[in-house]
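Here is a short briefing on a protein model for a reader new to it. Please look over the sequence and the structure before reading on.

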Amino acid sequence: MPPKKKLGKNKDTEDDALTRIAIVNTEKCKPKKCNQECKKSCPVVKLGKLCIEVNNKSKIAYIAEPLCIGCGICVKRCPFEALDIINLPKDLEKNTTHRYGPNAFKLHRLPMPRPGQVLGLV
């Protein structure tokens, strides 16, 4: 039986609290000009899952956040530097108040207005 890891202030506990995902900069992404290098180099796509998708109608790549493993290979392969890896806290997933769109900015832990109650923000 392997020994249990001690829970201290080390890198293992920090990684447990964060999720790494790739995000797309919509202003820099040009999938028609780059030959979709991010999609070709993604290890999740190579396994047969649609982690990075580019539709004919859309002008940017879409990254499926539940499938993204945050490896950073797509970031290094993108010729337009349109992809970045960010760290997201895992515990905020259930406290999302609003999201501006897929692969976009989220608002967390904001007070929600309720019918018949006064809401004041300072």
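**Model confidence**

The protein chain has an average pLDDT (the predictor's confidence in each residue, from 0 to 100) of 80, and 82% of the residues reach at least 70. Residues 1-15 have a pLDDT below 50, and beyond near neighbours in sequence this stretch makes three contacts in the model; contact means heavy atoms within 4.5 Å. This is a predicted model, in which local features need pLDDT of at least 70 and side-chain atom pairs count only at pLDDT 80 or more, while totals for chains, interfaces and linings use all residues. Residues are numbered from 1 along each chain as its sequence is written, and side-chain values use heavy atoms, with hydrogens and water left out.

**Nonpolar core**

- A nonpolar core is a set of buried Ala, Val, Leu, Ile, Met, Phe, Trp, Tyr and Cys residues joined through side-chain atoms within 4.5 Å.
- The largest nonpolar core has 18 residues, of which C42, C51, I52, I63, C68, C74 and L83 touch the most other members.
- Two or more residues of this core come from each of β1 and α4 (43-46), and β1 gives the most, with three residues.
- Helices (H or I, at least four residues) and strands (E, at least two) are DSSP runs, numbered from the N terminus.
- Residues up to four places away in sequence aside, C74 touches A22, C38, S41, I52 and L83.

**Largest pocket**

- The largest pocket holds about 160 Å³ of space.
- Of its 13 lining residues, I86, L88, A104, F105 and K106 are the closest to its centre.
- A pocket is an open set of points on a 1 Å grid over the protein atoms alone, where a 1.4 Å probe fits, with protein on both sides within 12 Å along at least five of seven lines; lining residues have an atom within 4 Å of a point.
- β1 (18-24), β4 (83-89) and β6 (106-108) each supply at least two lining residues, and β4 gives the most, with three.
- The lining is made up of eight nonpolar, two polar and three charged residues.
- Nonpolar here covers Ala, Val, Leu, Ile, Met, Phe, Trp, Tyr, Cys and Pro, charged covers Asp, Glu, Lys and Arg, and polar covers the others, Gly among them.

- E65 is in the loop between β3 (62-63) and α5 (73-77).
- E65 counts as buried because its relative accessible area is 19%, where buried means under 20%, exposed over 50% and partly exposed in between (1.4 Å probe, protein chains only).
- Apart from neighbours within four places in sequence, E65 contacts I21, R99, N103 and K106.
- K46 lies in helix α4 and is exposed, with a relative accessible area of 61%.
- Not counting residues up to four places away in sequence, K46 touches K40 and S41.

Notes. Points joined across faces, edges and corners; volume = space filled by probe spheres on them.
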